[in-house]
Amino acid sequence: MGKVTGFLEIDRRDRRYAPASDRIRHYREFVIPLSEEATKDQAARCMNCGIPYCHTGCPVNNQIPDWNDLVYRSDWEEASRNLHSTNNFPEFTGRVCPAPCEASCTLNLNDNPVTIKTIECAIVDRAFANGWVAPEIASVKTGKKVAVVGSGPAGLAAAQQLARAGHEAHVFEKNAKPGGLLRYGIPDFKMEKHLIDRRIDQMRAEGVSFYGSVNVGVDLDAKTLLDDFDAVVLCGGAERPRDLPIEGRTLAGVHFAMEFLPQQNRRVGKEPIHSNEPILAGAKHVVVIGGGDTGSDCIGTSIRQGALSVTQLEIMPQPPEKENKLLTWPNWPLKLRTSSSQEEGAKRDFSVLTKAFRGKDGAVKKILCVRLDDKLKEIPGSDFELKADLVLLAMGFVSPVQEGLLQSLGVAFDARGNVAADQVNYATSVPKVFACGDMRRGQSLVVWAIREGRQAARAVDAFLMGSSLLPR
């Protein structure tokens, strides 16, 4: 490493947020980057570890110590080349990834990991600003055509890798614009959508074709893809949400998170909201059921829409504030985390079971809850009520939608309802049909989707050509 004593001499310093009172007034990103010198200092904190566990903590196996050293030495362009060699879209992961690499950092043993995510984001933002991110056009075309269904991070990664291998990559997206959950699920205040648009421009220059507003299996017969293409890659995500089938579920004002969030993203993007029923939190008491990232996104969006109050309920007990390093490191630990949206004014309550929704004139007005013990059993006499004019169900996703595309193709499913395919060949039970990302592995992270898209592209390339030079 360039500065072997950096971790002893330099304190951890990370990006800051704009004040909550300012950032809740708009939907723009509000993270304040570090200066160039501060970023170099943070890169200098990377130790010369005997075993760099950050490699295994990162699903795409970023060569983190290498590009930290390059940043410290001010070789930003080479750092960008190194970073892009393992991650097609570091500007996405540098904004929305929870950074399991930092949990695996050796310095996390004393709660001071290297600010890997911040450095990653600084590298790619500088690369775009200096024009170092250019189309990588294949020198030889294979004449093979591959259909990629779904344009989330898995589909985009697969399509880009396939195009760079010389294949014709054709991406079909049911929404108007490509990006999948990146565009229609993640709020703009966490990731602005021009970041997606500039990658799409790069991919188009590399030869990738995009078809928007085409729902394969509904607008286009899925089996025609088998006739028209040499291979099909399913990257449609895990879109079936976990429901809460209790009394009052059909009352107006009770919605899935993914009915609520895409509407606001479309408003910001100046698209039609695709519904005759606008879902808005303004002047309402909002209850978000579910304690994960999607629930947090609902909180930040509700606050920006002018909610009177926002309460987030979680059925699981409150995690410990600190993990036991000797038991958890270098793995991702269960501990209490507070998101920027939760800091903006939400009340959080743990070990709460929602029993019923109550309404008036057909609209939800309150919810009935009970507290649970550490064995998830109801505590007698702990019932309570919450005001609720809008309830958002953010309890995760159980599987891909099987009706339409998947049933038409006749692919097999695993025990969880995901498309059955292994992590080596990514092949489904149907010849020349492959699957990756959340559609194969279930609800997961953007960085895992990128990894699977890259690996699936290599598997497809090997299937079409007999071998592949694409990285796994």
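Is Asp 349 buried or exposed? At 13% relative accessibility, Asp 349 counts as buried, where buried means under 20% relative accessible area, exposed means over 50%, and partly exposed lies in between, with a 1.4 Å probe and protein chains only. The points below set this residue beside its partner and then turn to other contacts.

1. On the basis of the note: this is a predicted model, in which local features need pLDDT of at least 70 and side-chain atom pairs count only at pLDDT 80 or more, while totals for chains, interfaces and linings use all residues. Residues are numbered from 1 along each chain as its sequence is written, and side-chain values use heavy atoms, with hydrogens and water left out.

2. On Asp 349 and Arg 371: these residues form a salt bridge whose closest N and O atoms are 2.9 Å apart, a salt bridge being a side-chain nitrogen of Lys or Arg within 4 Å of a carboxyl oxygen of Asp or Glu. The pair links distant parts of the chain, 22 residues apart, with Arg 371 in strand E13 (residues 363–371) and Asp 349 in strand E11 (residues 347–350); helices (H or I, at least four residues) and strands (E, at least two) are DSSP runs numbered from the N terminus.

3. Leaving aside neighbours within four places in sequence, Arg 371 is in contact (heavy atoms within 4.5 Å) with several residues, among them Asp 349, Phe 350, Lys 377, Glu 378 and Phe 384. The C-alpha atoms of Arg 371 and Asp 383, which are 12 residues apart along the chain, are separated by 6.7 Å.

4. On other salt bridges: a search of the whole structure finds 32 of them. Glu 452 and Arg 440 meet through their side chains at 2.6 Å, N to O, and because Glu 452 lies in helix H20 (residues 446–465) and Arg 440 in helix H19 (residues 438–441), the pair ties together parts that are 12 residues apart in sequence. Both Glu 452 and Arg 440 are buried. Salt bridges that share partners also join Asp 111, Lys 322, Glu 323, Lys 325 and Lys 335 into one network.

5. Glu 77 counts as partly exposed at 33% relative accessibility, as does Arg 81 at 47%.

6. On the packing of H6 against H9: helix H6 (residues 76–84) and helix H9 (residues 116–129) pack at an angle of about 110 degrees with their axes 9 Å apart, where axes are lines fitted to C-alpha atoms, for helices over the stretch in contact, and angles run from 0 to 180 degrees between N-to-C directions. H6 and H9 are therefore roughly perpendicular to each other, since angles under 35 degrees count as roughly parallel, over 145 as roughly antiparallel, 65 to 115 as roughly perpendicular and the rest as oblique. Residues of H6 including Trp 76 and Leu 83 take part in the contact, as do residues of H9 including Ile 123 and Arg 126.

7. On H14 and H15: the axes of helix H14 (residues 257–268) and helix H15 (residues 293–305) come within 10 Å and cross at roughly 50 degrees, and the two helices are therefore oblique to each other.
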